[in-house]
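Good morning, and thank you for joining this group meeting. Please look at the sequence and the structure on the screen while I speak.

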Amino acid sequence: MDNTTVPTHEMIQNLAEYIVNGMSYQELTQHVYEDVYSIMLDDQEVFHANLESLGFEPEDFTLPHRYWQVETCTSPVNRGEDAI
């Protein structure tokens, strides 16, 4: 593969799976936190658009994590749909 190859959806997904599978839960949580934090600081409009597209409001995440369960999440990922 040379530098002119355009990444496909499959290539990106394979890379994401490789990276995630090599991380512990703690490392993955820290990575996601840093990513979300960066988006919030750099572009609040994008952050709010992402929340809206998943059917969430910022207030949905103000409770301690023990009250928020993945099983009750209505995001496309947890419904088995493609994420953004």
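This is a predicted model: local features need pLDDT of at least 70, side-chain atom pairs count only at pLDDT 80 or more; totals for chains, interfaces and linings use all residues.

H48 lies in helix α3. Is H48 buried, partly exposed or exposed? Its relative accessible area is 36%. Buried would require a value under 20%, and exposed a value over 50%, so H48 is classed as partly exposed.

Please now find P58. In sequence, H48 and P58 are 10 residues apart. In space, the distance between their C-alpha atoms is 7.7 Å.

Let us turn to E57. Where is E57 found? This residue belongs to the segment that follows α3, and α3 itself covers 44-53. The relative accessibility of E57 is 49%. Because the exposed class begins only over 50%, E57 is counted as partly exposed.

E57 also takes part in a feature of the surface. Which residues form the negative surface patch? They are E52, E57, E59 and D60.

Finally, let us consider the protein chain as a whole. How many helices and strands does the protein chain have? There are 3 helices and 0 strands. Read from the N terminus, the order of elements is α-α-α. The protein chain has 84 residues, and 7% of them count as buried. Its accessible surface amounts to about 7600 Å². Carbon and sulfur atoms account for 56% of that surface.

To return to where we began, H48 sits in helix α3, while E57 sits in the segment after α3. Thank you for your attention.

Definitions and conventions. Residues are numbered from 1 along each chain as its sequence is written. Side-chain values use heavy atoms; hydrogens and water are left out. Patches are made of residues with over 30% relative accessible area and no salt bridge: like charges are joined within 9 Å, nonpolar side chains (Val, Leu, Ile, Met, Phe, Trp, Tyr) within 5 Å. Accessible areas come from the Shrake-Rupley method with a 1.4 Å probe; for residues, only the protein chains shown count as cover. A salt bridge is a side-chain nitrogen of Lys or Arg within 4 Å of a carboxyl oxygen of Asp or Glu. Lys and Arg count as positive and Asp and Glu as negative; His and the chain ends are not counted. The place of a charge is taken as NZ of Lys, CZ of Arg, CG of Asp or CD of Glu. Helices (H or I, at least four residues) and strands (E, at least two) are DSSP runs, numbered from the N terminus. Buried means under 20% relative accessible area, exposed over 50%, partly exposed in between (1.4 Å probe, protein chains only).
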